[in-house]
Amino acid sequence: MAFRPRAFHWLLVTLFVALAGCGSDSPTSVKPFTGPSLSVIGHGQTTARYTAELWTRGNVAYTTTWGQRSATAVGNAVYIWNIGANTPVMVDSLIVENATTLGDVQVSDDGKLLVVATERANGSIVIYDLTNPLKPARLTRYQTANTSNGVHTAEVARVDGTLYAFLSIDPPDARLVIVDLSNPENPREVMVRNMGNPFVHDVFVRDGLLFTALWNDGVTIWDVGGGGKGGTIANPVQIGNVRTATWSPSVGDSEAHNVWWFHDVAGGADAKRFAFVGEEAPGTGGSALNSSNGDIHVLDVSDMSAPREVAFYHVDGAGTHNFSVDEERGILYAAYYNAGVRALDVRGDLSSCTDTQKATDGRCDLRKMGRELAAGLANAQTFIWGVHFDGSFVYASDMLSGIWKLTAATRP
Amino acid sequence: MTAGSMESRDSTRASFTLRAQAIGLVTRLDPGPADRAYTEGYLAQPLIMAHGRVLDGHLGGVLTLDFEGLTLARGQLNTGAYGEGYADRRHPHTYLHEAVAVASGAFGRVGVSLAGGKGFVPFGTDDPMTRPFAAYPVNHHLAQILERYVVIAAASAGPLTLEGATFNGDEPASPGAPPDASRFGDSWAARATVTPHPLVEVEGSFASVTSPEIANGGGRDQRKWSVGARLRQPLGRLSGGLVEWARTDELVGDVRANQFTSFLAEASTSLSRATVSARFENTARPEEERLADPFRYSRNPTDLSIIGITRWQIGTIAVTTPFSVRHADIAPFVEVSYGHPTEEVTPSAFVPQDFYGSTSIWSASIGLRLGIGSMAHRMGRYGAGVPNVPAGVTAGG
């Protein structure tokens with residue numbers, strides 16, 4: 001066979017021209033939202049760092065920061081905002097040394113403590129005294145070999161009167177660590193257990209039950225003192241598990257990210273029947289800031305040993321993240337990354353719908369049921385990480401630009 | 001040393017070769033992370049390579065020890081490099097780089113082999129370690145798969161060579177960490193190589209890799225494609241050459257989350273006593289959250305998301321003047337790279353202009369390659385997987 005160098009040369013040129021321009025996918029775009037709006041009241045802007053989670057109490061909001069936005073601005077700051085007026089005003093900040101991402105923040109139910117999670121290297125929780133909510137005073141930084149992989153989320157909850165922090169630890173060897181905060185200056189580990197596939201992402205604790213979001217392993221419900229199975233905070237006993245569905249049948253695994261067990265004030269016998277699960281699926285656009293996927297899944301937990309998914313909510317081209325629920329009015333607020341904030345009517349029987357309101361697998365579609373009440377920042381250039389309803393207003397943390405104050409939704 | 005010179009055609013009843021080599025170099029990167037210039041010196045690629053065969057070549061073995069875990073623990077400054085928790089530095093390889101046993105034979109005119117151990121997966125092009133540059137290309141993790149527990153079946157007839165393999169998907173966790181044996185078999189690859197002419201070798205390959213980044217499993221999976229052509233012998237003024245295209249799709253279930261592509265071309269020519277090599281590549285790199293050390297990133301992407309994709313266009317020129325002294329081959333070299341990174345998608349949580357302070361990144365290295373002994377093994381290919389070996393004659397380990 002004769003070899004022709006010139007032909008080989010042109011083959012290479014053709015290959016180069018054909019292939020050099022190959023690029024990545026574009027994300028599916030979000031359809032413009034045309035329903036009622038959660039109107040913007042004010043915007044507390046900060047762009048020096050990427051904003052992460054938020055929490056509010058009274059007239060004060062705390063936002064954490066994430067990743068690295070510039071050569072020198074890493075996610076090691078907690079911003080403190082005065083939210084008494086329409087526009088949130090940054091009044092101070094906390095810097096956590098040797099940290100690059102502060103993924104989670106929460107104020108304890110008595111308002112005395114602020115707990116901040118540090119992720120990635122040097123995983124820990126940092127605990128502050130909130131005697132002066134605008135000037136948190138650091139009590140301690142709790143870091144052990146069991147937390148050093150990184151604390152992805154730190155949920156603060158009370159079980160049988162004692163305050164605990166539930167720390168979801170990054171892999172390898174993803175695990176849940178429970179820390180007793182009775183003496184916040186000296187937290188004490190009371191439980192550590194490997195769980196999650198490939199990680200445990202978040203938990204929800206209420207009435208002596210622990211709900212764990214275990215990604216591919218779905219949601220598991222544990223008795224930690226209120227489930228009647230002999231479980232304790234030091235030795236949780238599994239009650240039930242459910243593998244939630246996915247936003248796309250092609251995904252295969254649950255991608256269970258967060259949970260909220262709903263107690264509907266007006267729910268009567270079914271008041272505690274439903275739990276909401278956030279599915280956080282990776283985007284398809286190549287950046288954490290330009291696309292997202294994942295649905296809200298509704299579980300019927302009337303039998304805790306056999307929870308089952310009965311309904312879902314889907315937004316084309318976007319995925320959900322954290323929730324806040326107005327249990328007085330029965331409204332779920334969901335952070336929806338590139339689709340803003342979505343408000344859903346979650347009062348009543350979410351498992352009952354007409355055939356036309358069902359997906360092919362039999363689950364009820366909350367959108368088709370008319371449960372979509374309103375949306376905020378839906379058509380804006382935002383990327384909403386967290387949402388918090390404080391009884392009057394809805395606050396949203398925008399990774400790109402800080403904190404937004406929105407009107408709350410109203411029931412029809 | 002060119003890859004072509006490493007191909008074995010020896011059919012002696014028993015043979016053994018041994019080689020030690022290393023690169024001593026000083027590198028300056030400007031700017032690097034945090035808009036700083038960095039100047040560092042290393043002993044890179046300190047290797048001991050052994051290759052032996054017995055029983056008329058029907059049974060052989062390859063052993064390569066790599067001591068970068070001792071000399072390069074912080075990684076080597078390397079424009080655009082990424083992988084195994086390192087970014088903008090090339091990560092150290094594992095101490096046990098290759099340990100592969102090979103049984104070879106023939107059925108008529110078809111040479112066959114079965115290889116197993118820890119080593120290279122039959123995917124992509126030759127390892128950058130065997131090519132003319134001290135700096136690795138950005139596409140190393142798109143264009144090669146190595147340091148896995150692997151079993152490879154290969155057959156070669158005339159100009160066609162076929163390889164198929166199964167292996168563990170997890171990438172090395174550290175220089176001293178072995179692969180997760182429980183994951184052996186969760187990934188597979190196949191490569192076809194054609195040598196239509198003694199001058200040219202063309203390969204096409206595919207790999208399905210399960211959760212390479214999260215060792216415990218459950219992370220993003222990869223589907224990888226590679227097409228490459230290389231010069232096996234000098235052609236005119238070209239003493240060596242390689243053109244390759246590679247693509248990696250990252251999947252969650254069957255949904256494609258990300259896609260990374262690479263085009264690379266490199267060539268060498270001799271000018272008087274010097275060898276001049278040039279490389280151009282255009283490669284997309286995933287970005288993940290950096291740690292407190294800005295050259296390191298989290299290998300556990302909670303949420304299975306990346307924070308951005310950077311496209312690197314890099315041109316590299318290397319000049320070396322090799323010579324020999326007794327059994328040693330010595331090659332002083334100078335190497336200069338210019339890199340231009342841009343964010344491929346917007347908005348991105350990794351913006352090269354913000355991270356480096358510039359999108360023009362220069363790197364220069366000066367150093368010395370030193371090798372003692374010889375090696376009758378083409379790194380990354382085993383037994384009948386070495387192309388164009390006449391039937392009945394075993395090679396490559």
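Student: Before anything else, what makes two strands count as a pair here?

Tutor: Two strands pair if DSSP finds at least two bridges between them, and strands themselves are DSSP runs of E with at least two residues, while helices are runs of H or I with at least four, numbered from the N terminus. The model is predicted, so local features need pLDDT of at least 70 and side-chain atom pairs count only at pLDDT 80 or more, while totals for chains, interfaces and linings use all residues. Residues are numbered from 1 along each chain as its sequence is written, and chains are lettered from A and ligands numbered from 1 in the order in which they are written.

Student: OK, which residue is the bridge partner of Leu167(A) in E12(A)?

Tutor: Leu167(A) has Val177(A) as its bridge partner, and the strands E11 (residues 162–169) and E12 (residues 175–180) of chain A are paired in the antiparallel sense over six bridges.

Student: And what order do the strands of that open sheet have?

Tutor: The order is E10-E11-E12-E13 in chain A, an open sheet of four strands with antiparallel pairing. At the edges are E10 (151–159) and E13 (188–194) of chain A, each of which pairs on one side only.

Student: Switching to E6(A), is that strand mostly covered or mostly exposed?

Tutor: Strand E6 (residues 101–107) of chain A is mostly covered, since seven of its seven residues are buried, where buried means 20 or more other C-beta atoms within 10 Å of a residue's own, exposed means 12 or fewer, and partly exposed lies in between, with C-beta atoms placed from the backbone.

Student: What does E6(A) pair with?

Tutor: Its partner is strand E7 (residues 113–119) of chain A, in the antiparallel sense over five bridges, and Val105(A) stands opposite Val116(A) there. E6(A) and E7(A) form a hairpin with five residues between them, and Gly111(A) in the turn has a positive phi of about 75°.

Student: Where does Asn76(A) lie, and why is it called buried?

Tutor: Asn76(A) lies in the loop between strands E3 (60–66) and E4 (77–82) of chain A, and it is called buried because 22 other C-beta atoms are within 10 Å. Leaving aside neighbours within four places in sequence, Asn76(A) has contacts that include Thr65(A), Ile95(A) and Leu102(A), a contact being two C-beta atoms, placed from the backbone, within 7 Å.

Student: Last one, how many residues of chain A are in contact with chain B?

Tutor: There are 53 residues of chain A in contact with 52 residues of chain B, and the largest share of the chain A side, six residues, comes from helix H1 (residues 5–19) of chain A.
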